[in-house]
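Visitor: Please take me on a close look at a single part of this model, and then show me what else deserves attention around the fold.

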Amino acid sequence: MDKKLRVGILGATGMVGQRFISLLENHPWFEVVTVAASPRSAGRTYEEAVGDRWKMTTPMPEAVKKLIVSNVNEVEKVAATVDFVFSAVDMTKEEIKAIEEAYAKTETPVVSNNSAHRWTPDVPMVVPEINVEHFEIIESQRKRLGTTRGFIAVKPNCSIQSYTPCLAAWEEFGPKEVVATTYQAISGAGKTFKDWPEMVENIIPYIGGEEEKSEQEPLRVLGKVGDGEIIKADAPKITCQCIRVPVLNGHTAAVFINFEKKPTKEQLIEKLVDFKGFPQEANLPSAPKQFIQYLEDDNRPQVKMDVDYENGMGVSIGRLREDSMFDFKFVGLSHNTIRGAAGGAVLCAEALTAKGYISSK
């Protein structure tokens, strides 16, 4: 790419916005030129607006410190400065829907980390290794919005990243029933232990709205492009419990699964480690070389040892074994703010760019 695409980040001061900032430092295709946030942050430098709330373990990139924060609600003004935007705004669902559509209608592609448009029929919700063909629905969306260039694409919830890739890898065996319990890190709530001291040595067996997302979103990812909409898959049937645990980064899932066709353990592992998709084939900048790793040790995957696999963009699977009630059970781990949030959105943007949906204005 001769010239980097100009990127804006909506909701740049929050945790996911900060993760976008850190991931895009020195990106070969994209350059952050605009940061936008709420009116109370607007007019200050990014460094001033964030203050002591920088939550990343790496320092704030020098290139963004002196950028003046724009008012995210000044859509035309922000859109005029960029080729596309990442959205991580903290608003109500209806406000998010409205503002993301407003940006799209300025002919600015929106790649969103938010949940507001995940069930909009003509908005693709993509894990690029699994369902990049869902981008085809953008043509229908543009007709609805009246745009030639603008559109919205989203990535799915962080909670599904540690087991949905397995369902895709095992598609030929016909996954039909899944019982999953997710053990979710506090950064999924935009928190650190400093912000949320009551989570130290604690477990909370409830995360609002998360169980429905964890049960339904995999079916949309595994669905098909229909007549102007994404038609979700009928199977597998999924039931889930979501638990907040005292871990900073990394969502773990304990999963039980039944198949239409009974595979062997060896076949299942082979399908996992061989699984790849468009990001690997196109050698996208953020793509993990190997999307899924299988760990043989009984005590893996572990958050401390495995959450940063492939720079946080890979998925770790272990403890695959036959079960007394289900066909098999296993444990999965993914990084919730990298693969599950900002990193997944960056990979989506790279795939959209490689396929010609995003280009310079």
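Guide: Let's start with Met 199, which counts as buried because its relative accessibility is 0% (buried means under 20% relative accessible area, exposed over 50%, and partly exposed in between, with a 1.4 Å probe and protein chains only). This is a predicted model, in which local features need pLDDT of at least 70 and side-chain atom pairs count only at pLDDT 80 or more, while totals for chains, interfaces and linings use all residues. Residues are numbered from 1 along each chain as its sequence is written, and side-chain values use heavy atoms, with hydrogens and water left out.

Met 199 is found in the loop between β7 (175–184) and α9 (210–221); helices (H or I, at least four residues) and strands (E, at least two) are DSSP runs, numbered from the N terminus. Setting aside neighbours within four places in sequence, Met 199 is in contact with Ile 186, Phe 193, Ile 204, Arg 244, Val 245 and Pro 246, where contact means heavy atoms within 4.5 Å. Thr 34 is 165 residues away from Met 199 along the chain, and their C-alpha atoms are separated by 34 Å.

From there, let's turn to the aromatic rings. The structure holds 13 aromatic pairs: rings of Phe, Tyr and Trp (its six-membered ring) pair if their centres lie within 6.5 Å, and planes under 30 degrees apart count as stacked, over 60 as edge-to-face and the rest as tilted. One of them is the tilted pair of Phe 135 and Tyr 357, at 6.1 Å centre to centre with 55° between the planes. Phe 135 lies in the loop between α6 (128–131) and α7 (138–145) and Tyr 357 in the segment after α13, so this pair ties together parts that are 222 residues apart in sequence. Phe 135 counts as buried, at 1% relative accessibility.

Phe 259 and Phe 328 form an edge-to-face pair, 6.5 Å centre to centre and with 70° between the planes. Because Phe 259 lies in strand β11 (residues 251–259) and Phe 328 in strand β14 (residues 328–334), the pair ties together parts 69 residues apart in sequence. Phe 259 is buried at 4% relative accessibility, and Phe 328 is buried at 1%. Ring pairs also link Phe 20, Trp 29, Phe 30, Phe 84 and Phe 86 into a cluster.

Since 16 of its 17 residues are buried, α13 is largely enclosed by the rest of the structure. Just after α13, Gly 356 takes a positive phi of about 90°.

Last, some backbone details in loops. A cis peptide bond, with omega about 5°, joins Ala 235 and Pro 236, and Pro 236 lies in the loop between β9 (230–231) and β10 (237–244). Arg 300 and Pro 301 are likewise joined by a cis peptide bond, with omega about 5°. Asn 26 has a positive phi of about 65° although it is not a glycine, and it counts as exposed at 69% relative accessibility.
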